Amino acid sequence: MIVNGVLAGLIYVIMALGFTVIFGIMRIVNFAHGEFYMIGAAAILVLFGTLGWPYLLALVAGGLLAGTIGVIAERAFFRKLARDEMPGMIMSLAISIFLQSVMLQYLGPSELAVERPFTGVWRLGSAVVPWDRTIVAIGALVILVAFYFFLRYARLGLAMQAVAQDPETASLMGVESGIVYSASFGIGCLLAGLAGGLMAPIYTIGPYMGELPMLKAFVVVILGGLGSVPGAVLGGLLLGLSESVLSTQFSTGVALIASFAIVMLVVIVRPTGLMGRSSR
Amino acid sequence: MRLVVFVYIAIALIALVPWYIDQRYIFHIATMITIMAPMAFSMALMLKLGQLSIAQPAFMGFGAYTAVLLSMSLGLPTAAALVAGGLMAAFVALLVGPVFLRVKGVYFVLLTYAFGQIVFLIFQEWTSLTGGMSGLYGIPKLTLFGFRLRNAEHYYVLGLVFTAVCYLTILAIEKSSIGSIIESLNEDEMLSLSMGANAISWRVAIFTLSGFIAGLSGGMYAFYIGFLSPDPFGFRGSVELIVINTIGGSGTILGPLLGAIAVVPLPELLREAQEYQLMIYGLCLIFFITFLKNGLVSLVVRRKE
């Protein structure tokens with residue numbers, strides 16, 4: 001139960017990280033985040049399921065595809081709406097329903113499944129853990145660590161942090177905001193695409209598959225604080241654990257409503273989230 | 001100014017169109033406009049507070065389910081059930097409002113989004129009460145003052161009255177001192193707070209009113225269609241309202257009315273190509289945000305800055 005909770009939590013963390021990076025830097029609430037998740041999953045369906053590529057290659061390709069589409073969308077539609085919350089939000093909504101409709105044309109309305117690349121179970125003490133979920137967790141951890149090192153040590157990662165903290169000072173210091181915007185949107189979408197690719201073998205794939213993960217990402221991000229990277233990690237693990245416990249004890253509906261109640265509580269007590277900055 | 005008068009005359013003429021082309025199908029589209037326009041108003045009311053509320057279809061759903069269940073299970077007269085539905089939605093808004101309205105901007109959007117999704121799931125999962133995805137059938141027709149509304153034409157007349165009342169009410173609020181208080185809250189909250197305005201109560205009041213309007217729309221919708229499923233009350237419903245408000249323009253209350261007239265017929269006209277509906281919504285939104293940020297209404301009325 002706990003193990004399952006952590007596994008689910010790791011995926012939420014990745015979704016929420018991408019979401020929060022885009023918001024932290026561009027102040028755009030990306031309603032299309034679930035659709036970039038869907039792009040990653042669809043890539044697995046086509047590349048791994050139909051064309052028979054190795055799973056890992058299809059996963060990376062799906063992530064890169066989502067990232068590339070993200071960069072294009074950022075350049076074409078979001079650039080001039082950066083830091084303008086309401087129009088940015090509506091634009092992302094437009095992109096979201098557009099991508100959904102493209103998917104609807106391409107795959108049809110039905111939910112499709114991919115054969116699982118990994119089967120079987122292993123034991124951890126008394127817990128029985130399926131291999132496919134373990135692979136998801138390992139993949140998620142690798143992505144998280146890579147992302148951490150990117151933010152901490154890469155030039156671009158540092159520039160992104162600088163812009164998130166104070167865009168004016170950052171631009172005075174010679175950080176070009178355009179590249180940072182593209183990069184952050186692309187990386188956010190890349191993370192979503194990877195999350196989708198990881199989850200594709202476990203769940204079914206369809207044009208509206210992105211909606212639930214996006215709801216979860218929202219909840220995580222409100223919990224942890226918008227724009228906060230540690231907050232997204234903490235919030236994601238918290239949500240994964242509480243959901244896993246509540247849904248085995250009661251039902252998934254109860255778990256969802258409980259998570260919402262927690263969010264309401266957080267908003268009342270600490271409107272900026274557990275780890276959010278108080279300014280703005 | 002002249003142009004606005006023309007637009008009002010044009011809207012009045014459009015309202016009469018169904019009687020020129022006397023077809024059930026046209027009446028149906030027109031009725032849907034008069035149900036969706038107040039929904040769009042309810043979202044526009046919140047936009048006036050600077051808040052984008054994704055919860056409006058959830059309130060519509062509360063109104064619809066309350067009205068239908070009261071009339072079907074408890075045998076309440078349909079007119080009373082309709083009003084009760086509106087009150088129920090208003091009550092829910094009053095309950096959650098003080099929490100939601102503590103936060104602003106993005107947080108408010110995310111909260112109302114999460115709220116809307118959860119309400120939708122309740123409608124979907126609580127099958128013993130709502131019938132779940134298979135829905136509720138055999139909803140009685142609405143009876144108002146002893147007159148039974150049987151066809152689209154009757155509901156259209158009711159819808160016109162409803163839309164007009166909502167429009168005039170909101171216009172009156174805009175013009176009144178309440179309107180100026182709301183505007184001042186939007187512009188400089190600190191200052192208006194220090195002048196003695198009670199920010200949170202006013203916001204909750206507006207939110208409650210928006211819930212009431214949405215609840216009434218929901219009840220009318222349910223009685224008119226005669227079948228109720230959670231479908232119209234999900235996120236897709238919010239998308240449609242956002243499309244209406246963006247295309248029409250949400251600066252004045254005329255905007256969502258224009259938006260509703262322009263957008264609501266689309267899915268009906270595109271019946272053969274329904275899978276393109278989302279795509280057209282998406283493209284329209286992209287176009288309007290990029291080129292006509294303040295919507296159709298900005299072509300007619302220049303906003304006073």
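Me: Before we look at this predicted model, what makes a residue buried?

Reply: A residue is buried if 20 or more other C-beta atoms lie within 10 Å of its own.

Me: Thanks! Why is helix α12 of chain B called mostly covered?

Reply: Happy to explain: nine of the 10 residues in α12(B), which spans residues 254–263, are buried. They are L254(B), G255(B), P256(B), L257(B), L258(B), G259(B), A260(B), I261(B) and V263(B).

Me: Which helices do the buried residues of α12(B) pack against?

Reply: Their partners in chain B are α1, α2, α7, α11, α13 and α15.

Me: What describes the packing of α11(B) and α14(B)?

Reply: Two values do: an angle of about 35° and axes 10 Å apart. The crossing of these helices, α11(B) and α14(B), is left-handed.

Me: And which residues meet there, between α11(B) and α14(B)?

Reply: From α11(B) come V239(B), V243(B), T246(B) and I247(B), and they meet Y281(B), C284(B), L285(B), F288(B) and I289(B) of α14(B). Sorted by class, that contact has eight nonpolar residues, one polar and no charged ones.

Me: Over to chain A. Where is Y208(A)?

Reply: You'll find Y208(A) in the loop between α8 and α9 of chain A.

Me: Why does Y208(A) count as partly exposed?

Reply: Y208(A) has 17 C-beta neighbours inside 10 Å. Buried needs 20 or more and exposed needs 12 or fewer, so with its 17 neighbours Y208(A) counts as partly exposed.

Me: How many residues separate Y208(A) from A61(A) in sequence?

Reply: Y208(A) and A61(A) are 147 residues apart in sequence, and their C-alpha atoms are 21 Å apart in space.

Note on methods
Residues are numbered from 1 along each chain as its sequence is written. Chains are lettered from A and ligands numbered from 1 in the order in which they are written. This is a predicted model: local features need pLDDT of at least 70, side-chain atom pairs count only at pLDDT 80 or more; totals for chains, interfaces and linings use all residues. Axes are lines fitted to C-alpha atoms, for helices over the stretch in contact, and angles run from 0 to 180 degrees between N-to-C directions. Helices (H or I, at least four residues) and strands (E, at least two) are DSSP runs, numbered from the N terminus. A crossing is left-handed if the near helix is turned anticlockwise from the far one by less than a right angle, and right-handed if clockwise. Two residues are in contact if their C-beta atoms, placed from the backbone, lie within 7 Å. Ala, Val, Leu, Ile, Met, Phe, Trp, Tyr, Cys and Pro count as nonpolar, Asp, Glu, Lys and Arg as charged, and the others, Gly among them, as polar.
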